[in-house]
Structures are given as C-alpha cells and as structure tokens.
Amino acid sequence: MSLSWIVAASLAGGTLSAGAAALALSLRTSWLAALVSFAIGTLLGAAFLEVIPHAFEKGDAHEAAAAILAGIVGFFLLEKFLLWRHCHSERCEAHEILARGAPGRAGTMILIGDTVHNFVDGVLIAAAFAHSTELGLVTALAIIAHEVPQEVGDFVILVHSGYTRARALAWNLATSAATLAGGLLGYFLLPLLERGQVALLGVVAANMIYVAVADLIPGLHRRVELRDTVAQGLLIALGIGTIAAVGRLASHAH
C-alpha cells in the first residue's frame, strides 16, 4: 500500500503543478498571493501538528530536535548552492540576480534547482508514508499546496526569460517527474534506514518550516495594508485547519 500511495501522491503533485503552470499567465497576482498564504498554513500545520509530534512519539525528542535543526541548516546551504529558493511571482530576487550575473543561464539554473527540489520532495513524501499513511497524506498535501504556487512562479519566470510557453510547460512537466523519481528511490531505500526514522521525520519537518519561514513569509511582508494582512492571516489559518481536518479524517479512516 505504501508504494501505491507514494506513486499516487507524487503523480498528483506533478499533475496539479503542471496544470497550474499552464494557467499561470492568466492567473491574477492576488490569486497567486492567496495560494502562497494557504501554502504557508499547510506547511506549518503539517510540521507542528503532525510531523513533529510523530517524531517525538517515535523516539528520543532530543534526536528529533537535533534533526530539525540540522535540516534547517542543511536546506539553507542547499538554497545557497543550488538555487533552491521558491519563486512565486514574476519578480524573484534570486533569479533576477542570477540573470544579471549570467544572462542565458538563468532558465537552466531555475530548472536545475526545481528538479533537485522536486526530487527531495519525493523522498520526503516516501519518508512520511513509511511512517504511516496518515502522516504521508498530510505531508503530501502540504508539499502539493506549496508546489503549485512555486511552479506557477517558475513558469512565468521561464517565459519572461525567453522560453516559449510550450517549451516552458514541457520543462515544467519534466522537472515535476523528479518528484516520482525521488518517491520511488525513497521507498526502496528507506527500509535500509529504518533506525533513522526519527531523524528522517525531523528533516521532513525542517523542510516544511524552512520553506514557510525563509522563502514564503518574507514575500507576504511586501503587502502591508490591513486588508491584505487580514486576508493573509485567514488563508494561513485555513491552511492549518485543512491539515488538522485531513489528519483527523485520515486517523479515523485507519
């Protein structure tokens, strides 16, 4: 059952991301901002309501906390070296700096970073499903929720970098396939790492916290109007509530 869930979740993430990217140029900026706020809620909700409690229950709390800390530092370094950063609009600081420094390479580096990111997402999905179906579903939902605005942002940037829409969409689909590859590799390797489940869950939580706090939340601070702030808060709460509801339903079903 775990393999079936991993494949289904990985394919769902890639399909939804590609579908959203296909509609990217017709999406209003406000819609994309709403998706980002909702994604923040799902990531934080999954990390603090599901993944971290499971890690603490599974083994030593100090080991889990150390894994979370190491994971956050690791993802910081990964972002520095592989352009891991999520872009959710036409204006992306990381990509603009790259484009100025090396014209023509920006699109290639975006695709490399996206492929690595999607592959790691697949491994994290596999790690969560290896623990339990409930945790796997919640983790997959959180990852899919933040993948959609990321893929939309990357698609827009590729088009503005000179890619045709068809070519940008084709590359978007190709990089999305890395999620499935990561999920399959994770499924076959995780049994060898059974003793490290606490650490793996810590890394899953670290990924969610880092993406939400380091990459997504700073973008929300650009909109400081009271109306926007209230909307962001409500959407974050909706994301957290969605994770809580999915986790409860999954636990009752199993």
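His-54 counts as buried, because its relative accessibility is 14% (buried means under 20% relative accessible area, exposed over 50% and partly exposed in between, with a 1.4 Å probe and protein chains only). The model is a predicted one, in which local features need pLDDT of at least 70 and side-chain atom pairs count only at pLDDT 80 or more, while totals for chains, interfaces and linings use all residues. Residues are numbered from 1 along each chain as its sequence is written, and side-chain values use heavy atoms, with hydrogens and water left out.

His-54 is placed in helix α2 (residues 29-58); helices are DSSP runs of H or I with at least four residues, numbered from the N terminus. The side chains of His-54 and His-131 are joined by a polar contact of 3.2 Å (a pair of N or O atoms within 3.5 Å; within protein, one must be able to donate a hydrogen and the other to accept it, and residues adjacent in sequence count only if both atoms are side-chain atoms). With neighbours within four places in sequence left aside, His-54 is in contact with His-131, Ser-132, Glu-134, Leu-135 and Leu-201, where contact means heavy atoms within 4.5 Å.

His-117 counts as buried, at 0% relative accessibility.

Aromatic pairs were assigned for rings of Phe, Tyr and Trp (its six-membered ring) with centres within 6.5 Å; planes under 30 degrees apart count as stacked, over 60 as edge-to-face and the rest as tilted. The count by this rule is two aromatic pairs. The ring centres of Trp-5 and Phe-129 are 6.1 Å apart and the planes are at 15°, so this pair is stacked. Trp-5 belongs to helix α1 (residues 2-22) and Phe-129 to helix α5, so the pair ties together parts that are 124 residues apart in sequence. Trp-5 counts as partly exposed at 29% relative accessibility, whereas Phe-129 counts as buried at 2%. The rings of Tyr-187 and Phe-188 have centres 5.1 Å apart and planes at 80°, so that pair is edge-to-face. Tyr-187 is partly exposed, with 30% relative accessibility, and Phe-188 is exposed, with a relative accessible area of 54%.

Leu-77 lies in helix α3 (residues 61-82) and is partly exposed, at a relative accessible area of 41%.

Terms used: Helix = DSSP H or I, 4+ residues; strand = E, 2+ residues; numbered from the N terminus.
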